[in-house]
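The exercises below each set a task and then walk through the solution step by step.

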Amino acid sequence: MPVLGLGTWENTDPEDCANAVKTALEMGYRHIDTAQIYGNEAEVGEGLAAADVDRDDIFLATKVWIDELSYDDVIESTRESLDKLGVEYVDLLYIHWPAREYEPEETLDAFNELVEEGLTKRIGISNFEPDQVREAVELSDAPIFANQIELHPLLPQEELRDACAEEDVEIVAYSPLARGEVFNVPTLTEIAEKHDVSEAQVSLAWLREKGVTAIPKATSEGHIRDNWESLSLKLDDEDIDAIDTIETVDRRVDPGFAPW
Ligand code: NAP
């Protein structure tokens, strides 16, 4: 899985969304993240089609919404997602949240059926807590490839990362820029100034250092490029220590149906 992807939540302006996907792919991004609930799968599909990059070279992920997690709804809504995206398969299909219609055994059976039919290459989970990760791993025939969770310097999620590592489940960091809050953290600003880069790059380089994949959402070419350039930023031990010891904790995504 490419270690840096493009997020698309709230990128709902049709033209902006398709352009962001095309721009990112042509810049070198090979991982795109969307979801049924973002309402932009068709626009993401337009961007994929417009970019001069082969489908098979792209790691494309979408997520099944919490209202669509009964067996039949998983199958049907995923077919609709593929239709909108204009692709024959996705590389990773996530259970968006373990909430509402989520029934571990039934939902995972349907995800396994989609793997067998070749409609998704891999099964993902998102916003799962340690016990739910272990339960999903236990119940699924196909491996649980990744848990997509909120993760950034203000929410380092060490316990959850350890639990996933024990189960061989990769981590994908969502809101890796803390939805813009990384620009207001003095420690990150000091490190950014030291390396002459943005706070966004510092946060993304820190996540990479932790062995985590990040999917920052960006709309303009400038932001998409700034985040891409984080791949050349090497933080030193002192930087990592300083970020690891930030005490402020700030969870940015916390809906009522969250499992914590
Ligand atoms: P984020 O990536 O932490 O932050 C996005 C914000 O940062 C946007 O306002 C963006 O502005 C701005 N930005 C991006 N790059 C920048 C840069 N280099 N300099 C300055 N500002 C920059 O937040 P997110 O959208 O919540 O998370 C990323 C992705 O994770 C989502 O898009 C989605 O794909 C996924 N996600 C998943 C879940 C889940 O439940 N699984 C939940 C939340 C998010 P512009 O758009 O104007 O560039």
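The side chains of Ser198 and Asp226 are joined by a polar contact of 2.6 Å. A polar contact here is a pair of N or O atoms within 3.5 Å; within protein, one must be able to donate a hydrogen and the other to accept it, and residues adjacent in sequence count only if both atoms are side-chain atoms.

Before you go on, note that this is a predicted model: local features need pLDDT of at least 70, side-chain atom pairs count only at pLDDT 80 or more, and totals for chains, interfaces and linings use all residues. Residues are numbered from 1 along each chain as its sequence is written, and side-chain values use heavy atoms, with hydrogens and water left out.

## Exercise 1: Explore the ligand's surroundings

Which residues are closest to the ligand, and which side chains have an N or O atom 3.3 Å, 2.9 Å or 2.8 Å from a ligand atom?

Step 1. Start with the shell: 28 residues surround the ligand, and the closest are Asp33, Ser175, Arg179, Thr219 and His223. To count as near, a residue needs one of its heavy atoms within 4 Å of the molecule.

Step 2. Sort the shell by type: 12 residues are nonpolar, 11 are polar and five are charged. Ala, Val, Leu, Ile, Met, Phe, Trp, Tyr, Cys and Pro count as nonpolar, Asp, Glu, Lys and Arg as charged, and the others, Gly among them, as polar.

Step 3. See which element gives the largest share of the shell: helix α9 (residues 221-228), with three residues.

Step 4. Now go through the atom pairs. An oxygen atom of the ligand lies 3.3 Å from a side-chain N or O atom of His96. For Asn127, a ligand oxygen is 2.9 Å from an N or O atom in the side chain. With Asp226, a nitrogen atom of the ligand is 2.8 Å from an N or O atom in the side chain.

## Exercise 2: Find the positive phi values

What are the phi values of Gln157 and Asp196, and is each residue buried or exposed?

Step 1. Know the background: most residues other than glycine have a negative phi.

Step 2. Take Gln157, in the loop between β6 (144-150) and α6 (158-166). Its phi is near 50 degrees, a positive value in a residue other than glycine. Gln157 has 14% relative accessibility, so Gln157 counts as buried.

Step 3. Move on to Asp196, in the loop between α7 and α8. Phi of Asp196 is near 60 degrees, again a positive value in a residue other than glycine. Asp196 has a relative accessible area of 72%, so Asp196 is exposed.

## Exercise 3: Look along helix α10

How are Asp239 and Asp244 classed by relative accessible area?

Step 1. Locate them: Asp239 is in helix α10, and Asp244 is found in helix α10 (residues 237-244).

Step 2. Asp239 has a relative accessible area of 3%, so Asp239 is buried. Asp244 is at 35%, so Asp244 is partly exposed.

Step 3. Trace the C-alpha atoms. Asp239 and Leu188 are 51 residues apart along the chain, and their C-alpha atoms are separated by 8.8 Å. For Asp244 and Leu154, 90 residues apart along the chain, the C-alpha separation is 9.3 Å.

Conventions:
Helix = DSSP H or I, 4+ residues; strand = E, 2+ residues; numbered from the N terminus. Buried < 20%, exposed > 50% of the residue type's maximum accessible area, 1.4 Å probe, protein only.
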